[in-house]
Amino acid sequence: MEVAPAFGTAMKELIYENTYITEPEGYDDETRFQRHKVQAVLKQVLKERMEKQKYDPVKGAQIAKQLADDLREKVKGLGYDRYKLIFQVTIGQKIGQAMRIVSRCLWDTKNDNFASEYFENESLYCVCQVYGLYYE
């Protein structure tokens, strides 16, 4: 089956065979989503990128997107090939208000997991959450 992209050259569509692997049992513990490793990456990236940042409402969305992209690159480097990784980054101005971030997920507690990290300085706060959902 050929798919014609917008630029005129034909590309072959890849069709994958089922592996029938429904859980990471056949793999060692290194292939499972390990919260402590992901949390260490979150902490390192947040400290590097956000330590000297000042809150700017115009650039806030752009900073959050760049931060999510950096986190995705680093966490994918840990080798979670069979996991769908979902990143949520929240940046806000710190002016003495209370903030509560809540999420609900339907998942397999045996294989799926998450990690989150919080950073704040004198002008902003940042909450990063990473969800690792096993998929075939």
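Trainee: How do the residues lining the largest cavity divide by class?
Mentor: Keep in mind that this is a predicted model. The lining has 5 nonpolar, 2 polar and 2 charged residues.

Trainee: Which residues are they?
Mentor: Met50, Gln53, Lys54, Tyr55, Asp56, Gly60, Ile63, Ile91 and Leu124 line the largest cavity.

Trainee: And what's the volume of that cavity?
Mentor: About 40 Å³ for the largest cavity. The count of cavities of 30 Å³ or more comes to 1.

Trainee: OK, new topic: helices. At what angle do H1 and H2 pack?
Mentor: H1 covers residues 35–50 and H2 covers residues 60–76, and they pack at about 140° with axes 10 Å apart. Angles over 145 degrees would count as roughly antiparallel, so H1 and H2 are oblique to each other.

Trainee: Is the crossing left-handed or right-handed?
Mentor: Right-handed, as H1 passes H2.

Trainee: Which residues meet there?
Mentor: On the H1 side, Val38, Val41, Leu42, Gln44, Val45, Leu46, Arg49 and Met50. They meet Ile63, Gln66, Leu67, Asp70, Leu71, Lys74 and Val75 in H2. By class, that contact has 10 nonpolar, 2 polar and 3 charged residues.

Key: Residues are numbered from 1 along each chain as its sequence is written. This is a predicted model: local features need pLDDT of at least 70, side-chain atom pairs count only at pLDDT 80 or more; totals for chains, interfaces and linings use all residues. Side-chain values use heavy atoms; hydrogens and water are left out. Axes are lines fitted to C-alpha atoms, for helices over the stretch in contact, and angles run from 0 to 180 degrees between N-to-C directions. Helices (H or I, at least four residues) and strands (E, at least two) are DSSP runs, numbered from the N terminus. Angles under 35 degrees count as roughly parallel, over 145 as roughly antiparallel, 65 to 115 as roughly perpendicular and the rest as oblique. A crossing is left-handed if the near helix is turned anticlockwise from the far one by less than a right angle, and right-handed if clockwise. Contact means heavy atoms within 4.5 Å. Ala, Val, Leu, Ile, Met, Phe, Trp, Tyr, Cys and Pro count as nonpolar, Asp, Glu, Lys and Arg as charged, and the others, Gly among them, as polar. On a 1 Å grid over the protein atoms alone, a cavity is a set of points where a 1.4 Å probe fits but cannot get out, and a pocket is an open set with protein on both sides within 12 Å along at least five of seven lines; lining residues have an atom within 4 Å of a point. Grid points are joined across faces, edges and corners, and a volume is the space filled by probe spheres set on the points.
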